Amino acid sequence: MATLKVPAHVPAPSEDAEQLRKAFEGWGTNEQLIIDILAHRNAAQRNLIRKTYREAYGEDLLKSLDEELSSDFERAVVLFTLDPAERDAFLAHEATKRFTSSHWVLMEIACTRSSHELFNVRKAYHDLYKKSLEEDVAHHTKGDYRKLLVPLVSAFRYQGEEVNMTLARSEAKILREKISDKQYSDEEVIRIVTTRSKAQLNATLNHYNTAFGNAINKDLKADPEDEFLKLLRAAIKCLTVPEKYFEKVLRQAINKLGTDEWALTRVVATRAEVDMERIKEEYQRRNSVTLEKAIAGDTSGDYEKMLLALIGAGDV
C-alpha cells in the first residue's frame, strides 16, 4: 500500500551521492534535485546513499542537508532520509523532551508499527541515546499516562491472524464493566489494550460492538474533555484502523488556523512507504477533497513539492 514513486531505473548510490553533493555546491542549493533524488528512493536505497556519501565526502548526508536547507522543508527531507527505525527513535526522543513533549507521538509510534518495527525502534533508541526508550518514557510521564505508555512502547505483540473467540467475548465483557464504572485506567483495560495482538483486539472490539450495541470508542467519549480518554481512544484507533487515525491527524493539521506543519510532516514522512494509499482514500472519503489538493492549498514552495512527491502526487 506504499505510494512512494521509485523510478524503474534507479541510478547507482554513488551517482545519487555525487548529484546531491552538486546540489549543495555553487551559489544556491538545488532544492529540486534533492527532492528528485531523496523523495523517490526507498529506505534501503536512502541508507546506501548515506553510506556512499559518507565514504566519498567524509560527512553525514544529514549534516549536509541540515546546513543547506531550512525550516519545514529541511525537517521533511531529513525525517524522510532517516532510516525508519532511526526516524521513529528520533521522534520518540523528541516527544520526551520538555518543549516538544507529546504523549500522542509516543502512542502513535507504539501502536501503528509492527512488533518487529517497534523492536527495531527500541534498538535504535539504545544506540542513539545510550538509554532505553522505556526508561525515558517512564521518566517523562506520570499517572495514567505512564500506566498506558510504558507498556505500549515495551510491547512485542503476536503478529499473526489467529484469534480466540472465547477470550474475545470474556475480554469484551471486562472492558464493558470497567468502562461502565468509569475505570478507564484500570489495569485490566491497560493489559488488554497493551498486550493483545491486533487481530485479537479487533475480534474483542467487534464482539463489544455486537453484544453491547455501541462501538467502544463511543463509550469512551463519556467525558469529551478528558485528555487521557482521548489518548486511549486514539490508541485503540491506531491499533485497529490506523488509516482513520492518520486521516484525522492530517485533517486537523491542515484545517487548523495556521497549519500544524510538524504533524503534517511527521505523518507524510512516516507513512509514505507504508499505508499512504489507504490514508489518501480515507481522506478523500471523509473530506470530499483529495489529500494532494488539501496539501497544495495549505503549503507552498519546496516544502509543498517535497510533501506532494512523498504522497505520490502527479501534477495537482
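How much accessible surface does the protein chain have, and what percentage of it belongs to carbon and sulfur atoms? The accessible surface comes to about 15100 Å², of which 49% belongs to carbon and sulfur atoms, with areas taken by the Shrake-Rupley method with a 1.4 Å probe.

This is a predicted model, in which local features need pLDDT of at least 70 and side-chain atom pairs count only at pLDDT 80 or more, while totals for chains, interfaces and linings use all residues. Residues are numbered from 1 along each chain as its sequence is written, and side-chain values use heavy atoms, with hydrogens and water left out.

The protein chain has 20 helices and 0 strands, where helices (H or I, at least four residues) and strands (E, at least two) are DSSP runs numbered from the N terminus. Of its 316 residues, 49% count as buried, a term that stands for under 20% relative accessible area with a 1.4 Å probe, protein chains only.

The chain is divided into the domains below, with bounds from an automatic or database domain assignment.

| Domain | Residues |
|---|---|
| domain 1 | 13–69 |
| domain 2 | 84–154 |
| domain 3 | 165–240 |
| domain 4 | 242–311 |

Taken over C-alpha atoms, the centres of domain 1 and domain 2 are separated by 28 Å.

One residue can be followed in detail. Ile-192 is found in helix α12, which covers residues 187–195, and counts as buried because its relative accessibility is 0%. Leaving aside neighbours within four places in sequence, Ile-192 is in contact (heavy atoms within 4.5 Å) with Glu-171, Ile-174, Leu-175 and Leu-201.

Terms used
Buried < 20%, exposed > 50% of the residue type's maximum accessible area, 1.4 Å probe, protein only.
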